[in-house]
Amino acid sequence: MKVTFTRTAERRYRVSVEGPDVVSSVMERAPGYDTRLPHDMAHFVVENELGITGGVFGQLAAGGNARTFQPTDPKARRKLAKKGKRIATTNRKDASLSEEIIFVACQAWNKRVSEVPSVEGVSAEDIRRVCREFDAVSAVWSKLGVGESMTLSWSGKAGHTGRRRTRDR
């Protein structure tokens with residue numbers, strides 16, 4: 001899956017996704033603009049680096065909408081809304097974990113804490129690795145002008161779809 005972050009105005013950005021088995025979708029006027037690291041870019045880095053499959057981008061990879069993205073094809077909206085809700089509900093714990101790690105990692109990255117805090121199941125080295133990736137994407141993002149984009153590749157797996165598996169009889 002390819003994820004494109006576009007700076008659309010002085011303090012606005014858009015996120016779009018496309019790829020095989022993914023509903024091409026967009027989040028226009030994405031929340032949490034930051035000149036160094038927008039909130040959804042932090043989601044991408046945390047989830048991709050740590051293999052969180054049920055966060056925003058794992059839900060998108062599973063064919064959902066993470067309750068915030070809209071399909072680029074208007075005919076797909078109703079179907080995606082129902083599927084997206086099911087996927088989001090199924091992956092609620094991963095989504096919460098992603099938010100918690102983003103908070104901790106951003107605190108460390110912005111040097112607002114003297115020691116790297118930990119999150120249950122996530123080591124201080126994991127947080128430092130995320131911070132190094134924040135540095136890398138921020139170096140590109142912070143130089144983009146209005147109308148310019150950067151595209152990142154999702155290497156993680158898709159989240160759970162919430163569908164029951166049937167046994168072969």
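The sulfur of cysteine 131 lies 7.8 Å from the closest cysteine sulfur, that of cysteine 106, which is too far for a bond. A disulfide is here a pair of cysteine sulfur atoms within 2.5 Å, and the structure holds zero disulfides. Cysteine 106 is accordingly in no disulfide. Cysteine 131 is buried, at a relative accessible area of 11%; buried denotes under 20% relative accessible area, exposed over 50%, and partly exposed the range in between, with a 1.4 Å probe and protein chains only.

The model is predicted: local features need pLDDT of at least 70, side-chain atom pairs count only at pLDDT 80 or more, and totals for chains, interfaces and linings use all residues. Residues are numbered from 1 along each chain as its sequence is written, and side-chain values use heavy atoms, with hydrogens and water left out.

Phe134 is one of the residues that touch the most other members of the largest nonpolar core, a set of 42 residues. Such a core consists of buried Ala, Val, Leu, Ile, Met, Phe, Trp, Tyr and Cys residues joined through side-chain atoms within 4.5 Å. Helix H4 (92–109) and helix H5 (124–141) are among the elements that each supply at least two residues of this core, and H4 gives the largest share, seven residues.

Serine 25 belongs to strand S3 (residues 25–27); strands are DSSP runs of E, at least two residues, and helices runs of H or I, at least four, numbered from the N terminus. Serine 25 is buried, at 0% relative accessibility.
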